[in-house]
Every structure is written in structure tokens, then in C-alpha cells.
Amino acid sequence: MTSYVQDFEQGDKEHKDLLGGKGANLAEMTRLGLPVPPGFTITTEACRELMRTGAVPPSLRVEVTQALRRLEDAVGRHLGDATDPLLVSVRSGAKFSMPGMMETVLNIGLNDASVHGLAALSGDERFAWDSYRRLLQMFGKTVLDIDGARFESAIDRAKTAKGVTADVDLDAADMHALVDEFKEIVRAGSGRDFPQDPREQMDLAIVAVLGSWNTDRARLYRRKERIPDDLGTAVNIVTMVFGNLGPTSGTGVAFTRDPATGRTGDYGDYLPNAQGEDVVAGIRNTMSLADMGRLDPASYADLRAAMRRLETHYRDLCDVEFTVERGKLWMLQTRVGKRTASAAFRIAAALVDEHLITMDEALVRVTGEQLSQLMFPQFATDDDARAGRTLLTRGMAASPGAAVGRAVFDSATAQEWAERGEDVVLVRRETNPDDLGGMIAAVGILTARGGKTSHAAVVARGMGRTCVVGAEALDVDPAARTVTVRATPHPAEQDPQGRAESTDHVVHEGDVVAIDGSTGDVYLGAVPVVASPVTTYLEHGLDAALEQAGADEDTRSLVVAVDRLLRHADGARRLRVEANADTAVDARRARRLGAQGIGLCRTEHMFLGERRVLVERVVLATDDAERGHALDELLPLQRADFTDLLEVMDGLPTTIRLIDPPLHEFLPDLTELSVKVALAAERARHGGGEVDARDVTLLAAVQRMHEQNPMLGLRGVRLGLVVPGLFALQIRAVAEAVADRRVAGGDPRAEIMVPLVGSVQELRLVREEAEEIMADVGRARGLDLDLPVGGMIELPRAALTAGRIAEVADFFSFGTNDLTQTTWGFSRDDVEGAFFAEYTTLGVLAVSPFETIDQVGVGRLVRLATAEARAARPQITLGVCGEHGGDPESIRYFHEVGLDYVSCSPFRVPVARLEAGRAAVEGALAGSGSDVR
Ligand code: PEP
Ligand code: MG
């Protein structure tokens, strides 16, 4: 029989699949002897069963009974007992953290009888009735699906009736009255009474929490974070401890290092006399841990000891949620904490220096995506740039980066405007999980309330979105679509003389604002941005970056950490990293960023602009001589392109792909030309000039060459075999450029790549022609020219016959853009915008296969072709040059398949270097990596 329940004592941190992150870590803390309130975990298997069958497995009820009895025996109390009640929380917790996305119900076990028991036990009537009303409210909303606003307005009415503004001003009698009112709301909203039976409360809450895995917002979050839908959530049943039992109680969130900067030293927020989610929700402003230390030195000392224990054990930054109940510390949760990209690099390097992890482990702790975030530009900090900007206010730096966009005040508008191409900054008083859509759509997020652990901050950091929180001078009015920036302190803080006359500033929806997620600064208008110090390092080296950093220690330690980790990756990786670059300018940049060659130089741009007329002449030529003349004119131009490129890439492989797109792409558009000729004919009929004969011939050619499916038509190698002289021109230009460079004393390493090969015979014919041309140029220049010739594997047939094609290829480059297109039968120019969103919703696609290689389909072809090619020609070089060459997950796959290199856009080169290094060390470290997503 499958077991669906595990006590905390049974599990450990390795079983996140089954216990969820929270459950596994609660179990681990229990094992470590840290003060965890006793409890048990219902496994993700129960959730998966619920998703499969629509019902919880029948044996779950029995197992819960057994676990509950063990729990009751351990704590010596019974669930919902009238005099000495055990109360529990029912908490969601999936393998990967999904902050605020799923449900939790607290205070299960309270009813009309046990509320008196709780009052007697705690000696606090108000607390007991408040706890009961919280249960009714959470249970009503989460389990019985009643609109939460109905409870909120009842509280507001109670406060208004009493003439007070804060919840704390409601006394025991008020809370009792609210309990009665909430029960009415429950009855009216759900058609049933609130269940008085504690076990029934618990069972219903378990089903509701399991079901919260599949809410719309949870699904949306998972899509964004690429978390599979079929993992399911676990549910933790935890003995309640109370942070709202007076001034010696409280609740908080803490980190063992600063998750924003990576600086050492504990760090967090504490709220005295508060319960559970109050801190994360950012509703009240919190105190620092240092202040907590002054308030309650004993609990603070216990907390610090627990945190040090956790960091030593996990050997990484941990975050914790804790509660102090009348001076006793309880650890409610821990996990390896999320962090900003710069903190990730700094912490990894610092942990190496503290001898807590090895360099290999440090490399696995940082990701290519984090590196790419660090390459984003930042706001300029020089005096000129500073002079021209208007600082509106300052909040807390919650997630770094520089975001400039139009202010919007609600999630729907953010999404609407972003869809039409506007950059928007989402400005909210505070965010909640319903804002997720807008947060994804926005380039930046700005809130008036909440700390670095508020919902906005945590979610934005997770998404790598620029975010500033707690900008308290902001009065956000979503109804009026304005935010007022108070020029003076908040009225409560004003001095009597009042600097109150200074004017407030009103920002309207659509006004441009700029937020700096690294400093917390908020500006009005667009602010100029500069290269990030990490980009300076990548392009110009460590010294230049340190110079740019000046005395800023955080920046200095960041670039040093990036340098160390990237160098370690370079030393560890097996994959070479090359770049897709078509021009000398791109090639130079790629080389600076560490590219070890050019894996794809697309040559089609060399036929555009002024050269278009020459291509037209090639197409329109009626005999070989005419075509030959046009090609002769193209030759020196093309040769110069290649000479420039080979000069920049001296000593490194430079893979030049022969022309690929259908020729009509170089000719005028069929419709436009048809209209032009028709209008000219019409005018000519009325005596207004003549039709241009060349246009007529061109139109005939365009019509002749028109194709229904050009991407599957006359392109790639087919073009080279059908249009005489075209490939020959390019091959000759390459050979002559190589000769010129050699004569100039260079070390050109050109390679010739043939696109869209489907049959070995195609490649053989081009190869024979290439060998003749090379021999010819070699003879003329007195050189031995023997450039490698290879093929692109972009068609399923090429992959399936790779063993044969390899016989005539020195190398293969997998063109995974076309290979994805042709394997799926997806037109890559059409489908992504058309229906991929729906396909993701339907679960057909988890992610676009044009972004991340579809391992089971397209990837399988790559694997198969790799094996067959190596079997046929062991020395063959194999690489990839589709977009996937710069995608972290795909790079790991290509490493595992055994390719020799990846080629990607210049900007992705450092990302690919890092990921290729991680892939190489990851296998050896399996299981010890961080679980942060
Ligand atoms: C490919 O198909 O993956 C490729 C690199 O070629 P292109 O994108 O130019 O078709
Ligand atoms: Mg292609």
C-alpha cells in the first residue's frame, strides 16, 4: 500500500519530491534537533492521486488518523479538546517554492467549545476569539470559497462602529461578535454551518490545500517558472504556535546572509505580537533583527544559533520563518534561500573562501540566467547623469536592475499595455498573488509598503524583475490612476512648523518613471543607463571593471566573484563556445566575450543593400555569361567581407555558411511589384509614360519563383545546386580571402558550411565543387588550401541518415531552429505568436521548443545523428548553431549528448561558457546542488 503520510521524524531534506520543500526541510530541522513544532506531512503522491482520480485516496483518512494520534500523544493534547486543545495549521508546500500561490489554513481545531479552552490556557480572551475569527475567515475563504472581502468589510464595519482604525483596538467582545458574524457569512455564503468537528475541519482543509495546487494563479506561476504541473503539493500538518500572545511573542523571517547583496551577517524582519503571514504580506512595517535582539535577547540568541547551524548544515544561504511564543523560539520553515543574481555570485565565492564548499560546488550554485541578469545595463551614476534627473523618492532596493517605463496602477493595465509593446512599471501599494500577471508583464515593480521579504520583493527577485518596495512617500490611488509622492514626511511624522507647504508631486498613469532596484531610487522621467560592471569585465577584463567599480566594495567583490567562477567554468568545460556572428563588428564583440570561434556566419546579409541589384542580375540572367558577369562583380565585395571577418577571428575557426534563404527574399515583393507594373500599364494606356521593361521581366521572374512554402522550397543547398555559380562565387571568395590573409601573415581558419542538407549526394556535389575551387585558387596563389567542408543538420532526414552524410563531412552543425521547425512541422515565423500561449495552457508545451530543445523529440534526432556520425567518422566535429546553443537547459543537454561545441549570439557567449562549465561539473556533484529555482 502506498504510504501518503510521514511524520517529521521520518523524512529528510533529500525527499522534496515526496514531502515538498517545506516538509522535507521541517523534517531535516527536526533531525537536527532544532525546535520545530511537531507535525506530519501528507505527501505529493496524495495530490497526484487527487489530480488523477478527482478524489483523495481512501487510505489517506486512516493514515491521517494514525499520524494525528501519534502527534496528540507526543504533545499530550487532543485536536480541538474543549479544555486543552491541540490546534494545527494545514500548510501547502510543493517541491519548488511558489510564494503565496497556494493556500494555508491556521488554527484548525477551534470551535465554540475549544475557544474557551484556548482562552483559559492562554489567559487571554481576546486572543482566543481573534484566533477563532481568523480560522473562520481563512476557512471560509480557502475551503468554502467565500469572497474574502465579505469578512474584511465586516471587520471594517466593526472598527467604524467603535470609532477605531486598527484591528488591535477591537477587544475580546468585539472579536466574539465578529465570530458570530463570520459564522453567519459562512452559512450564507456556503449554505452550511461552519463545521464544529475538528477532524472534519482538518479533512476539509487538507482537500482544499491539495486542490490549491491547481488554481489559475498557481498554474500561471508554474508556467513562468517552468515548474511541471504534475508534481503536486504536499500538505504539512503542524502544531500551532502563536506569535500574537502579547509583547513577548512575535514572528519573523530571516536570512543567514543578505539575499539582495550576499553580504555576510544575518538579516531579517521581526514583528512583535503578530501571527504568521503578517510579515510576508508586508502589511505592517517590521523591525530589524538587531532591534529584535534588543527587545528579546534570549530568543534572538537562540535564533542566531539555529541559523548558524542551518547554514553550516546546508552550506548555503538559508531563509527561515520563525515564531517566538512567550519567549520560546519555534522554527516554522527553512530552505536554501532565493537570492539576487549578484548575491548568488558573491555568496558562492564567499562560501569557497570560508571553506564551506568547493569551487565545483560554487559553480553549480550560480546560473547562466543569473549571469545574463548581471549583464543588464544600470543607471548612469556620473555627475552629469545625476544632474539631469528628478529623484521622486527612495524605497528599499528589493531586486536589482534599472527599469524605465510608464507607470500603471493595476495588473490588468500592466498586461494590456505590455502586450501592445509598452514598457510599464507596475506601481502598487503592496502586491498580492493576484498581481502576478502584471508583475510578469512589467519591466519593474514599485510598492509603497512592505519590506525586502514582502510578496513583491520575493516574487520579483525570483523572476529577476527590477523591484523597489516600501517607498513610503507614495500614496497610490488605483481608482484615480495616480500616485501622489509626498514631498514632506508622512503627516504623523511632521514637525509642527510643518514643511507641509512644499508641494506634493502627482504621477499619472502613463507618466514615465525609472526605478533602480539596486539602490531603491525612484525617478521621474527616463534616466540614461550605462553598461553593467559585469559586462565591462566580460568585454574589457577585470582591471577595467575594478576601475569602473571604484571604491564600491559590493561591485568589486561581484566582478571578482564572476571572474573566479567563469574562469573555473572555462577550465572545467568540455564544450567549446563559439558565436553566431555575421560581421566583423559582431565577431570582435564575440571574441571579447570569450567566443572560441564563429560557429555560424550567415552570409545572406552580404547580398542586401546596394548589392541587391547584382543579385537581381544573377536571377534575371538569361545565359551563363550574363550571370557570370554579375557574379564576378559580387566576388571582390564578398571576398572583402570574409577577409575582414578572418582578420578579426585570426587563429580561430570561422564557419561560413553558404547562402541559405530563398532567392526571392532578395527580389521585390510580388504584390508591390504587381501593383507597380499594373499602375504603370494603366498610365501608359492613357498616354502617361511607359512601363519599365525591366520591371516586367523582374515581375515574371518573381512570379516564376513564387513558392507556397518558401521555407520548404528552393533554399539552402538546393539553391546552390540549381542556380549555377552562386555557391561557387562564395566558395571562391572564402578561398581567396584565406589566401590573402595567409599572405598577410595571418592564421585564417575558415570552414565552409552547407545549409539544409537532406541527402549525402547534395553535400557530395557541393564538396566536389569546393575542392575544385580550392585547388584552383591554391594553384594560382601557390598555397595548399584544404578548408574543412561540413553540413548543417536541419532536416529529420539529415539526422536519420547522418552516418552516410558524415562520410563527406568534416563537421556537422545542428541547425536546431530549422530542425525544430521541420521535426514538429511548426513554421517558426508563425506559430510562436499564434498559438503557443494556448498550447502552453493546454499543457501540450511546457516551454517553446524554439527556446529550449525538445529533448524527447528534436533532441533525440540530435543524439541519434551524433552517434551515427561518430561511428562513421570518429574525427568529425559536432556542434550546434541554432538559438538553443545559448539556452542553459539545452546546453546541458548538448554536453550530455557529447557535442564538441555550441554556437550562440555574442551576448550569450558568457552564459554558455558558464553553463557548459556547470554541465561538466554537475554530473560529478549530482544531488548536492542547490534547490533554488
Ligand atoms: C538553424 O536553422 O538552426 C540555423 C542556425 O539556421 P537559420 O536560423 O539561419 O535558419
Ligand atoms: Mg537553418
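Predicted model: local features only at pLDDT ≥ 70, side-chain atom pairs only at ≥ 80, totals over all residues.
Visitor: Okay, and how many residues surround ligand 1?

Guide: 13 residues surround ligand 1. The closest are Arg602, Glu794, Gly815, Asn817 and Arg828.

Visitor: What about Thr816, side chain or backbone?

Guide: Backbone. A polar backbone atom of Thr816 is 3.1 Å from an oxygen atom of ligand 1.

Visitor: Why are helix 32 and helix 34 called oblique?

Guide: Angles of 65 to 115 degrees count as roughly perpendicular, and those over 145 as roughly antiparallel. The angle here is about 120°, so helix 32 and helix 34 are oblique to each other.

Visitor: Left-handed or right-handed crossing for helix 32 and helix 34?

Guide: Right-handed. Helix 32 brings Thr816, Leu819, Thr820, Thr823 and Trp824 to the contact. Helix 34 brings Val858, Leu861 and Val862.

Visitor: How many nonpolar, polar and charged residues are in that contact of helix 32 with helix 34?

Guide: Five are nonpolar, three are polar and none is charged.

Visitor: New pair. At what angle do helix 35 and helix 36 cross?

Guide: At roughly 50°. Helix 35 runs over residues 888-897, helix 36 over residues 909-922, and their axes come within 9 Å. That angle makes helix 35 oblique to helix 36. The crossing is right-handed.

Visitor: Which residues of helix 35 meet helix 36?

Guide: Pro888, Ile891, Arg892 and His895. Their partners in helix 36 include Val911, Ala912, Glu915 and Arg918. By class, the contact of helix 35 with helix 36 has seven nonpolar, one polar and four charged residues.

Visitor: Jump back along the chain. How do the axes of helix 5 and helix 8 cross?

Guide: Helix 5 (residues 125-143) and helix 8 (residues 198-211) cross at roughly 45°, and their axes come within 10 Å. That makes helix 5 oblique to helix 8.

Visitor: And is that crossing of helix 5 with helix 8 left-handed or right-handed?

Guide: Left-handed. Leu135, Phe139, Thr142 and Val143 of helix 5 touch Gln201, Leu204, Ala205 and Ala208 of helix 8. The contact has six nonpolar, two polar and no charged residues.

Visitor: One last residue. Where does Asp174 lie?

Guide: In helix 7, residues 172-190.

Visitor: What is Asp174 in contact with, leaving aside neighbours within four places in sequence?

Guide: Lys162 and Asp169. With Lys162, the side chain of Asp174 makes a side-chain to side-chain polar contact at 2.7 Å.

Visitor: How far apart are Asp174 and Gly250?

Guide: 76 residues apart in sequence and 23 Å apart in space, C-alpha to C-alpha.

Key: Residues numbered from 1 in each chain as written. Chains lettered and ligands numbered in written order. Heavy atoms only, no water. Axes fitted to C-alpha atoms, helices over the stretch in contact; angles between N-to-C directions. Helix = DSSP H or I, 4+ residues; strand = E, 2+ residues; numbered from the N terminus. Parallel < 35°, antiparallel > 145°, perpendicular 65-115°, else oblique. Left-handed = near helix turned anticlockwise from the far one by under 90°. Contact = heavy atoms within 4.5 Å. Nonpolar A, V, L, I, M, F, W, Y, C, P; charged D, E, K, R; others polar. Near = heavy atom within 4 Å. Polar contact = N/O pair within 3.5 Å; in protein donor to acceptor, adjacent residues only side chain to side chain.
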